[in-house]
Amino acid sequence: MATRSMSGIPESITKDLNLKGFKIHEISGTVNHYVSQGRRDFYKAGLVTGNMTVYYGERMIEINDTVLFFVNPNVPHSIVRSSKKTTGYACLFTEAFIASRERKELLKNSPLFNVDASPAIPLTKEQAVFMTGIFQKMLSIHNGDYDYKNELLKSCIELILHEAIRIQPAQNGLHPKNGAARITNLFMDLLERQFPIDSTAAPLRLRTAQDFAGSLSVHVNYLNRAVKEVTGKPTSVHIADRIAAEAKALLLYTDWSVADIAYGLGFEYPTYFNNYFKRVTGITPNSLRKEKV
């Protein structure tokens, strides 16, 4: 059975994440020019000062000066640093750590969950000073022994997310204005919640528009009309694109066999997956993996 690990992150950090769902650390000193992060099982919010190029999913983003930096666990990323010295703070947390329904809703509306948005938000000097204070406060709380420090840490994360939304509001708006927008948001949320695929023992469950309509308790025709009206793309295209993106990440950032990837994505036979992947992306799974080498 294939499973995903969190290798590449220091053991002291992953230990805290596994046990408590939260970790914060300071970034300082000289670092390697290339840092490959791949995919993880946690969200990341950082305050970073330095010059670097970030490859986030299939996009390349140039970062200079001080930025708020967000990483969604569903999106593979890597960093190429232009300067040896990078400073700042990194806060890592699991979705389970953000326990309340209201906080999870905030998480979904933030740059952390909007995978189409830029993961880097440039800050003015005043904003950088304010954010530095929040991250320093989190570091102090995390290292302290206050009985309710987890609630304080969650409040700090909330403040960071609210500030990020305020500084860089979503271009298209994330609050549903009508029934079509509401059901589309529910569909997109349900689609994203299935990823990342961590094990072939728990394969992808929802793979068709009919599957999603059943889970949302709506007629498939209504779901298709709503999604097409709001996004301009059919439901099936959203599903196919997301499955293909997951397949690419598994091919590029794990050592799973093509058969394991096929089973993990819910395909009964590897040949079905091969044909599906080629139809959606134009290349075969093995061809993509060879390009990596």
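Accessible areas follow the Shrake-Rupley method with a 1.4 Å probe, and for residues only the protein chains shown count as cover. The model is predicted: local features need pLDDT of at least 70 and side-chain atom pairs count only at pLDDT 80 or more, while totals for chains, interfaces and linings use all residues. Residues are numbered from 1 along each chain as its sequence is written, and side-chain values use heavy atoms, with hydrogens and water left out.

The secondary structure comprises 11 helices and 9 strands. Both are DSSP runs numbered from the N terminus (helices: H or I, at least four residues; strands: E, at least two). Of the 293 residues in the protein, 47% are buried. Buried denotes under 20% relative accessible area, exposed over 50%, and partly exposed the range in between (1.4 Å probe, protein chains only). Contacts, defined as heavy atoms within 4.5 Å, were also sorted by sequence separation. Among those between residues at least 6 apart in sequence, 73% join residues at least 24 apart.

Thr235 belongs to helix H8, which spans residues 235–253. Thr235 counts as buried because its relative accessibility is 1%. Beyond its neighbours within four places in sequence, Thr235 touches Phe187, Ala209, Leu223, Asn224 and Val227. With Asn224, the side chain of Thr235 also forms a polar contact of 2.9 Å. Such a contact is a pair of N or O atoms within 3.5 Å; within protein, one must be able to donate a hydrogen and the other to accept it, and residues adjacent in sequence count only if both atoms are side-chain atoms.

A search of the whole structure returned 0 disulfides, a disulfide being a pair of cysteine sulfur atoms within 2.5 Å. Cys91 is in none; its nearest cysteine sulfur, in Cys156, lies 8.8 Å away. For Cys156, the closest cysteine sulfur is that of Cys91, and 8.8 Å is too far for a bond. Cys91 is buried, at 1% relative accessibility. Cys156 is also buried, at 11%.

On the surface, Tyr146, Tyr148 and Leu152 form a nonpolar patch with about 340 Å² of accessible area together. Patch residues have over 30% relative accessible area and no salt bridge; like charges are joined within 9 Å, and nonpolar side chains (Val, Leu, Ile, Met, Phe, Trp, Tyr) within 5 Å. A salt bridge places a side-chain nitrogen of Lys or Arg within 4 Å of a carboxyl oxygen of Asp or Glu. Leu152 lies in helix H4 (residues 149–167). Leu152 is partly exposed, at 37% relative accessible area.
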